[in-house]
Each structure stands twice: as structure tokens, then as C-alpha cells.
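Visitor: I'd like to learn how to read a few features off a model. Could you walk me through this one?

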Amino acid sequence: MKDVYASVRAGGMDVHYKSTTVTMRDANGRVVRREQLEHADRAKLRRVLSRWPAAAPMVMEASFGWGWLADLMKELGLRPQLSNCYKLEQMRKARGWAKTNKKDADLLSLLPYEADGWWKVWMAPPEVRDRREWMRYRASLVHIQTATKNRIWALFHRHGIQHEFSDLFGAGGRVFLAELCREGRCGEVVLLDGALWALRGLVRLLSDVRGQLARIARALHGQLERSELARRLDGIPGIGLILAHTLMAEIGCIERFASHRRLAGYSLLAPIAADTGEDDGRKPIGRHLGRRGNRTLKWSFIEAAHGAVRRGGKWRRIFDSVTAGGKRNRNDGYIKVARELVKVVFVVWSKKVAYTDSPPPRPRLSPRQRAERFLCSARSGTGQPCHPMAVVRR
């Protein structure tokens with residue numbers, strides 16, 4: 001069986017819930033083998049994977065369900081890699097290929113032969129994926145909590161139940177809800193059996209969800225005490241316990257970003273241009289935020305921006321400079337503050353320093369040091385920068 005894989009140099013894997021379609025190619029890019037992996041029998045799957053060539057990169061899409069299979073392949077000494085789903089989709093459309101499991105595996109198997117890794121996506125390790133499970137589970141509970149509160153409000157509205165609590169779900173409001181569930185009436189309003197059952201069930205569901213959120217908060221507080229990075233992020237204005245853990249989960253590894261600009265682009269906070277360059281009489285579209293990136297990070301930084309603006313200081317001044325003191329374009333102001341917070345998070349994380357409102361000034365260079373830096377960065381005898389103004393491709 002090993003002779004079958006002797007010529008394999010790369011492969012593509014179209015991963016689904018129950019099975020994976022595999023295409024393998026030789027050094028010249030020719031298809032030499034196709035396989036169908038069944039996921040139900042894990043022992044058989046191990047035996048099949050153990051026969052694969054360890055040096056050949058195996059590419060799969062960075063979509064749902066790749067994690068466990070990639071971990072298994074790494075355990076067996078293989079080289080799984082991830083590709084960008086959107087770029088792969090555009091590549092398939094450009095070729096005019098139909099979308100089938102076989103065609104997807106064929107296209108994935110071609111990616112290792114590309115001149116550069118434009119298609120690659122960072123493969124998050126198990127500990128980062130586990131942190132994401134924590135935060136995304138919490139986010140789902142918050143959505144359930146909000147939906148449950150809205151259903152209780154809707155029930156009150158349908159039956160004309162009035163109350164005087166500023167927060168129906170605060171301490172006093174919960175006592176009122178408990179009494180209403182027990183008695184089934186509020187003043188002249190008497191709830192029939194269907195409405196009363198619904199109200200009791202919604203209140204119990206809300207109580208259970210709150211209990212789970214409280215347990216998650218206690219667990220995250222424990223992790224905050226053990227994680228130096230979480231404590232540093234927690235000290236940045238607007239970023240508390242939850243957002244600190246969300247940033248750690250979604251960013252994962254700060255070293256994969258060459259600069260804060262790359263992190264801002266990944267967080268959908270780097271404006272991009274959409275001008276055509278043609279004078280068609282219409283107003284230019286101009287710069288706008290992109291749509292391809294990590295939306296959870298965008299939400300996190302904008303949420304942190306709201307908190308930083310409420311704190312005041314330089315963050316309020318940044319906000320006021322864009323919004324004329326908060327009178328117009330408030331969303332633009334929060335985006336501007338969020339973009340500045342990206343810089344702060346990048347520095348605090350990458351340089352392992354604590355946040356301070358007044359960072360230390362940069363050391364001033366002596367005239368001799370400035371002259372030496374200029375000479376090192378200029379082409380001899382020209383006074384021009386040593387790097388070319390445009391990349392010459394041969």
C-alpha cells in the first residue's frame with residue numbers, strides 16, 4: 001500500500017461531517033489518487049492516515065469542523081494546512097468549475113503548487129480553539145437571555161400587565177415576576193392557563209441561563225488571575241474581563257500580525273477604498289470598512305471604544321475631534337477610537353507591557369545618530385532611500 005503513495009507530493013481534503021473527499025497529486029500536479037475517508041470508525045481512519053506520506057502538505061478549507069481532523073493528522077506526523085474559503089470560492093468561479101466535493105478537493109490539492117502562500121490561513125492550536133468555545137458558548141447564552149427577556153416583555157404587552165420597575169429583571173423586578181408566576185394575576189389582569197405556563201417557563205429559563213452565565217464568569221475570573229496577558233488587556237480602557245478573553249480567543253497569536261495595521265485589517269477596522277478612478281459624474285464611493293475579516297473582533301473593539309469614551313480623557317478627545325463634540329457622525333467617532341485601541345492592544349500584547357495613559361517618550365537621537373541612520377538608509381552618493389520606489393518584476 002505504501003507504493004501507492006510513493007509519488008504523492010500534495011493533497012486536498014474537502015471535509016464534511018461524516019466523510020472527507022481527498023485528492024492527491026504528484027510532483028507534476030497530476031492526480032494520482034482519490035480517497036473517501038469515513039469519520040465514524042476512528043480506528044480505521046487512523047490506519048488510513050498513517051499510510052499517507054508525512055512530507056506532503058494536505059490542504060483543507062478553514063470552514064466548520066476541521067479542528068479535530070487536523071489534530072489527528074498532526075498526531076500522526078502529517079502536515080495539514082488551511083486555506084481561505086472566500087479566496088478558494090473566487091478561484092473556483094474564475095475557472096468555471098461546478099461546486100462538488102470532488103471538484104473542491106481537486107482545487108484544494110492545487111494550492112500547494114502556487115508560487116506563494118496567498119491562500120493560507122493560520123491554524124489555531126487546540127488551546128485557542130478551546131478558549132473560543134468558552135466565549136462563543138457565553139455569547140449564545142447572552143442571545144438566549146436577551147430573547148427570553150423580549151418574550152416576557154411581549155407577554156406583558158399582549159395582556160396589558162403594567163409595573164413600576166425601572167428594571168423588570170433587577171432585584172425588585174424578579175420578586176414581582178415570582179409573585180406573578182405564583183398568583184397568576186396582577187391587579188385586574190388574570191392570566192389564563194396558556195399565558196401562565198408560558199410565563200413560568202420563560203422565568204425558569206431566564207433563571208437557568210443567568211446561573212450558567214454566573215458560573216462562566218467565575219471560571220473566567222479564575223483564568224484572569226492565572227493569565228498575565230489577560231490582566232494586561234483587562235487594564236486597557238474599555239476592555240474588561242469578557243472583552244479581554246474575547247480578544248485572546250479571536251486573535252490567538254499576536255505574532256501572526258506583522259503590525260497593528262494588519263491586525264486592524266483583520267478586525268475590519270482599516271478603511272479601504274472603492275473608487276473606480278473614472279469620472280462618471282457620480283460622487284466617489286471613497287473609503288469604507290471591509291466585510292471580509294473577523295466580525296467578532298470588530299464588535300469587541302467597538303464595544304471597548306464605547307467604554308473608553310465614557311471613561312473620558314484622551315479617548316473622549318479623540319471621539320470629540322471626529323464628532324464635533326458628539327453632535328454628529330458618532331459611529332465614525334467610535335470607529336476612530338476602536339482603531340486607536342487596536343494599536344494599544346497590539347503594543348501591550350506584542351511588547352508585553354502594561355497600559356499607561358501617558359506612555360514614556362521615545363528616546364531622542366543625537367545629531368550624529370540621526371546622520372548615521374540617514375546614511376544607513378540612503379543609497380550611496382544619491383541621498384535617496386535605499387529601497388526602490390516600485391517593485392521591479394522580471
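Predicted model: local features only at pLDDT ≥ 70, side-chain atom pairs only at ≥ 80, totals over all residues.

Visitor: Where does Arg-92 lie, and is Arg-92 buried or exposed?

Guide: Arg-92 sits in helix α3, residues 85-95. Buried means under 20% relative accessible area, and Arg-92 has 10%, so it counts as buried.

Visitor: On to the sheet. What is the order of the strands?

Guide: The order is β3-β2-β1-β4-β5-β6, an open sheet of six strands with mixed pairing. The edges belong to β3 (31-38) and β6 (120-121); each has a single partner strand, so one side of each is left without a neighbour in the sheet.

Visitor: How many bridges join β1 to β4?

Guide: Three, and the two strands, β1 (residues 10-15) and β4 (residues 57-61), run parallel. If you want a spot to look at, find Gly-12, which stands opposite Val-59 in β4.

Visitor: And how do I read a pair of packed helices?

Guide: Two packed helices are described by the angle and the distance between their axes. Here, take α5 (residues 126-159) and α9 (residues 241-251): their axes come within 8 Å and cross at roughly 135 degrees. That angle makes α5 oblique to α9, and the crossing is left-handed.

Visitor: Which residues in α5 and α9 meet?

Guide: From α5, Val-128, Arg-131, Arg-132, Met-135, Arg-136 and Arg-138 meet Ile-242, His-245, Thr-246, Met-248, Ala-249 and Glu-250 in α9. By class, that contact has five nonpolar, two polar and five charged residues.

Key. Residues numbered from 1 in each chain as written. Heavy atoms only, no water. Helix = DSSP H or I, 4+ residues; strand = E, 2+ residues; numbered from the N terminus. Buried < 20%, exposed > 50% of the residue type's maximum accessible area, 1.4 Å probe, protein only. Pairing = 2+ DSSP bridges. Axes fitted to C-alpha atoms, helices over the stretch in contact; angles between N-to-C directions. Parallel < 35°, antiparallel > 145°, perpendicular 65-115°, else oblique. Left-handed = near helix turned anticlockwise from the far one by under 90°. Contact = heavy atoms within 4.5 Å. Nonpolar A, V, L, I, M, F, W, Y, C, P; charged D, E, K, R; others polar.
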